[in-house]
Amino acid sequence: MLTTSLTTLTNEHLTAARKAASGRSAHTVHGGRRNSLRQTLLALAAGRRLDDHESPGEATLQVLHGRVRLATGQDSWEGRAGDHVAIPAERHSLTALDDSAVLLTVVMRPGPVPGEDARDPAG
């Protein structure tokens, strides 16, 4: 069983984000070409943002540290450590109101149901 300390990763990547010219640092916690699910820890220094970008598809955001604002053209949401939101399927931006870390979870493509043979769609 592979385990990861999100607390340790948060601390490491917040330190890296504070030092980086971009004000951010990221780490893929889970995912890859063979996975349908990707989870990425993203750390942003206070005041930094990810400009408007397209929705990655079905995705959620969990705030691990600090405060962030997720904004679309029509709406915005402010979350703090412990909060979770489903990302709207539209262009959006993410701004760190404080030094912040979030866990972005994205479904990359439908994957096989555990226990089913992916080669036999009839089951």
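**Strand E9 and its sheet**

Strand E2 (residues 37–44) is joined to E9 by eight bridges, and the two strands run antiparallel. Strands are DSSP runs (E, at least two residues), numbered from the N terminus, and two strands count as paired if DSSP finds at least two bridges between them. The model is predicted: local features need pLDDT of at least 70, side-chain atom pairs count only at pLDDT 80 or more, and totals for chains, interfaces and linings use all residues. Residues are numbered from 1 along each chain as its sequence is written, and side-chain values use heavy atoms, with hydrogens and water left out.

Within E9, Leu103 stands opposite Leu41. Strand E9 (residues 100–107) is also joined to strand E4 (residues 59–65), by six bridges and in antiparallel orientation. Ala101 in E9 is the bridge partner of His65, and Val106 in E9 is the bridge partner of Ala59. Six of the eight residues of E9 are buried, so this strand is largely enclosed by the rest of the structure. Buried means under 20% relative accessible area, exposed over 50%, and partly exposed in between (1.4 Å probe, protein chains only).

These strands belong to an open sheet of five strands with antiparallel pairing, in the order E1-E2-E9-E4-E7. Strand E1 (24–30) and strand E7 (84–86) are the edge strands, each pairing on one side only. On average, neighbouring strands of this sheet are turned by 20° against each other, direction ignored. Axes are lines fitted to C-alpha atoms, and angles run from 0 to 180 degrees between N-to-C directions.

Conventions:
Helix = DSSP H or I, 4+ residues; strand = E, 2+ residues; numbered from the N terminus.
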